Amino acid sequence: MSERRPKIYLNLSFPPLAARYAHLPADGVGLLRAEFLALSLSVHPKQLLAEGGAETFIRAFTEGLIEVARQFWPRPVTYRALDLKSNEYRGLRGGQQFEEPEENPALGLRGCRRYMDDPELLRLQARAVRSVHEAGWTNVRLMLPFVRTVSEVLACREILQQEGLFERGIPLWIMVEVPSVVFLIERFLPLVDGVSIGTNDLTQLILGVDRDNPRLAPLWDERDDAVMRAIEWVARACRESALECCVCGDAPSRRPELIPQLLQLGLTALSVSPEAFERTLQIVREREPGSG
């Protein structure tokens, strides 16, 4: 992969805000969270399906994706599939019927594991993404959340294959948030078109620190050497495979002083909050040869 300026993407949660930020000279959307689209329906997906609402689900997700894809066209929009936790699903209508209480939802039925338990949830999102592409907005790519094992990615790929995503050339990315993926990253890369590192969960799992526990807050630090080494390990593997490697966690948005170090580790892209974009762009430009 030739040396070039790192890409700077935006993190977005709400499709209606796309118009507000599309004017920024970002390279695209590195993380479009799906959770707002699900929460806006106010009903658990299984309850919705039981009521014959599959088309309602697909339509809502398709419209939200098109809204963002249109605003940022032709720049890429990376749609991260749903990663709601069981406690969040329980808050939706019908949620308590379909979700068992979990002591630690952050380590529970979420991410790709949920799609193996409930393949229809991934199928519906795949149909929405395919519909977006069929409508001509081919700048949308799909990213799998909270991956734990290669078998999960293979199972999800099979579903996506059946739904026709690969025959349309829709790129598949994965989130790197779990240490098992870091250690075995070379086994995942042949299955995907790019990776994005989620520093929030990755820091929590590497350091064994609950980031929502105020008593442990001082221990939760993305700057820890162990976290930086994990990022470097993934970035190096991606570089050797000529794949894009992005960080989309809060680290570069919350801690701008980390940006030079992150880029030095070999990342090819950063995805930051819209509020942090101009600052991030300035820092990246200051690193370019001949600046200043």
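How many positive and negative side chains does the protein chain have, and how far apart do the centres of the two sets lie? Color by charge: there are 35 positive and 40 negative side chains, with the two centres 2 Å apart. Lys and Arg count as positive, Asp and Glu as negative, while His and the chain ends are not counted. Each charge is placed at NZ of Lys, CZ of Arg, CG of Asp or CD of Glu.

**Before you click on**

This is a predicted model, in which local features need pLDDT of at least 70 and side-chain atom pairs count only at pLDDT 80 or more, while totals for chains, interfaces and linings use all residues. Residues are numbered from 1 along each chain as its sequence is written, and side-chain values use heavy atoms, leaving out hydrogens and water.

**Whole chain**

Show the cartoon. The protein chain has 16 helices and eight strands. These are DSSP runs numbered from the N terminus: helices are H or I with at least four residues, strands are E with at least two. The radius of gyration is 18 Å, close to the 19 Å of the globule rule for 292 residues, so the chain is as compact as a globular protein of that length. That radius is taken over C-alpha atoms, and the rule is 2.2 Å times the number of residues to the power 0.38. The C-alpha trace spans about 60 × 45 × 35 Å along its principal axes.

Switch to the surface. Its accessible area is about 12900 Å², and carbon and sulfur atoms hold 48% of it. Areas come from the Shrake-Rupley method with a 1.4 Å probe; for residues, only the protein chains shown count as cover. Of the 292 residues, 55% count as buried. Buried means under 20% relative accessible area, exposed over 50%, and partly exposed in between (1.4 Å probe, protein chains only).

**Stop 1: strand 3**

Select residues 77–80, which form strand 3. Val77 and Tyr79 point one way, Thr78 and Arg80 the other, and all are buried. On one side, strand 2 (residues 29–33) pairs with strand 3 in the parallel sense over three bridges. Two strands pair if DSSP finds at least two bridges between them. Leucine 32 stands opposite tyrosine 79. Strand 4 (residues 140–144) also runs parallel to strand 3, joined by four bridges. There, valine 140 is the bridge partner of valine 77.

Step back to proline 74, in the loop between helix 4 (54–72) and strand 3. A cis peptide bond joins tryptophan 73 to proline 74, with omega about 0 degrees.

**Stop 2: phenylalanine 146**

Go to the loop between strand 4 and helix 9 (150–162). Is phenylalanine 146 buried or exposed? It counts as buried, at 2% relative accessibility. Phi of phenylalanine 146 is near 40 degrees, a positive value in a residue other than glycine.

**Stop 3: strand 6**

Select residues 194–197. Both faces of strand 6 are covered: Gly194 and Ser196 on one side, Val195 and Ile197 on the other, are all buried. Strand 5 (residues 172–176) pairs with strand 6 in the parallel sense over four bridges. Tryptophan 173 has glycine 194 as its bridge partner. Strand 7 (residues 244–247) pairs with strand 6, also parallel, over four bridges. Cysteine 245 is the bridge partner of valine 195.

**Stop 4: threonine 203**

Move to helix 12 (residues 199–207), where threonine 203 lies. Threonine 203 counts as buried, at 0% relative accessibility. Neighbours within four places in sequence aside, its contacts (heavy atoms within 4.5 Å) are Gly208, Trp220, Asp221, Glu222 and Val227.
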